[in-house]
Amino acid sequence: MIVVLKNGAEKQKIEELKKNLNEKGLEIHESKGKDVTLWGLVGDTSRITPEELLANDIVESAQRVKAPYKQASRSFHPEDTVIDVKGNKIGDGKICSIMAGPCSVETEEQIIEVAKAVKASGARFLRGGAFKPRTSPYSFQGLGAEGLELLKIARKETGLPIVTELMAINQIPLFEDVDIIQIGARNMQNFDLLKEVGKLKNPILLKRGLSATVKEFLMSAEYIMASGNENVILCERGIRTFDNYTRNCLDLSIVPYLKKETHLPVIIDPSHACGIRWMVPTLAKAAVAVGADGLIIEVHNNPEKALCDGEQSLTPAQFDDLMKVLGKYAAVEGRTV
Ligand code: PEP
Ligand code: MN
């Protein structure tokens, strides 16, 4: 339920109404704009009707939220959510934050070399998988805890905050110091995991499931938020369709749709979307053009020898060229990368 309070409503009456709603077991999420105060009510709202609320003289309007997601909905929270990671803002409408790095952390030399290169080209975050969700159990599974340590060394060397994937609840203690925790496409509907990361403070980069509808995607964000973590970044990384000429199909229209429907930042992963190196720069430009708040791009210092996803990884030189062009695309919209 969305409740808008009248301008200049008396403080005492506001407190009385709050108490009344809390007693009914409802939680109030307040959103204060310049002219309006809006409350999003969470809980069993069947215990109250909009008419009852409107009978209160400090209430301007009261409406049920039709969408099954509440806290993720823009109607609940009209202002954009801006996630600040060590001074890097994601979702502020001005910056398209670039996250770059290898699919997997392989060695100390590799991650430091890539981190330095992407930083020099203007990336704001270093990505790198330590725990890898591989289709085959015989493929490289990531360096695990050691990979996390190497990422932290690269962070220390470059100052770049790190983004890395968490696969299971028992790994959570290792991720305390991770700047952005990624929940991968394959875990998008691992509801127990979502509830647990919802109890953390770290921003969560939630990837869209391989065949997830937008509604399912947002319900997964809702799981994290309902457990208390409102710092969710949505990431489109391509979905399954009838065709397989690319690894996945990049759903660009989800960006404007999500920006309208939710207040959460939306980023795009062009690398996993297409799976083909030469196509990544073109899709990255398209992502900036549709208003993505950021991009996550795979970059490897030696893609031919990469232990994972080499065929879709840019070389540092290709990434550098791309960054120069992306800056120009962003500038058309009055933004920067
Ligand atoms: C990744 O980012 O390396 C990854 C495995 O992504 P996704 O979950 O989108 O497949
Ligand atoms: Mn990958």
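In this predicted model, Ser271 lies in helix H8, which spans residues 270-274. The relative accessibility of Ser271 is 0%, and this residue therefore counts as buried, the cut-off for that class being under 20% relative accessible area. From this position, the side chain of Ser271 reaches the backbone nitrogen of Glu298 at a distance of 3.0 Å.

Helix H7, formed by residues 254-261, has Ile254, Val255, Leu258 and Lys259 as its buried residues. These residues lie on the same side of H7, because the arc that they cover around the axis is only 130°. An α-helix has 3.6 residues a turn, so residues three or four places apart point the same way. The elements against which the buried residues of H7 pack are helix H6 (214-226), strand E12 (232-236) and strand E13 (266-268).

A further packing arrangement involves helix H3 (residues 108-121) and helix H4 (residues 145-158), whose axes are 9 Å apart and which pack at an angle of about 40°. The crossing of these two helices, H3 and H4, is right-handed. On the side of H3, the contact is made by Glu108, Ile111, Ile112, Ala115, Lys116 and Lys119, while H4 contributes Leu150, Leu151, Ile153, Ala154, Glu157 and Thr158. Classified by residue type, the contact of H3 with H4 comprises seven nonpolar residues, four charged residues and one polar residue.

Definitions and conventions. Residues numbered from 1 in each chain as written. Chains lettered and ligands numbered in written order. Predicted model: local features only at pLDDT ≥ 70, side-chain atom pairs only at ≥ 80, totals over all residues. Heavy atoms only, no water. Axes fitted to C-alpha atoms, helices over the stretch in contact; angles between N-to-C directions. Helix = DSSP H or I, 4+ residues; strand = E, 2+ residues; numbered from the N terminus. Left-handed = near helix turned anticlockwise from the far one by under 90°. Contact = heavy atoms within 4.5 Å. Nonpolar A, V, L, I, M, F, W, Y, C, P; charged D, E, K, R; others polar. Buried < 20%, exposed > 50% of the residue type's maximum accessible area, 1.4 Å probe, protein only. Polar contact = N/O pair within 3.5 Å; in protein donor to acceptor, adjacent residues only side chain to side chain. Arc of directions from axis to C-beta.
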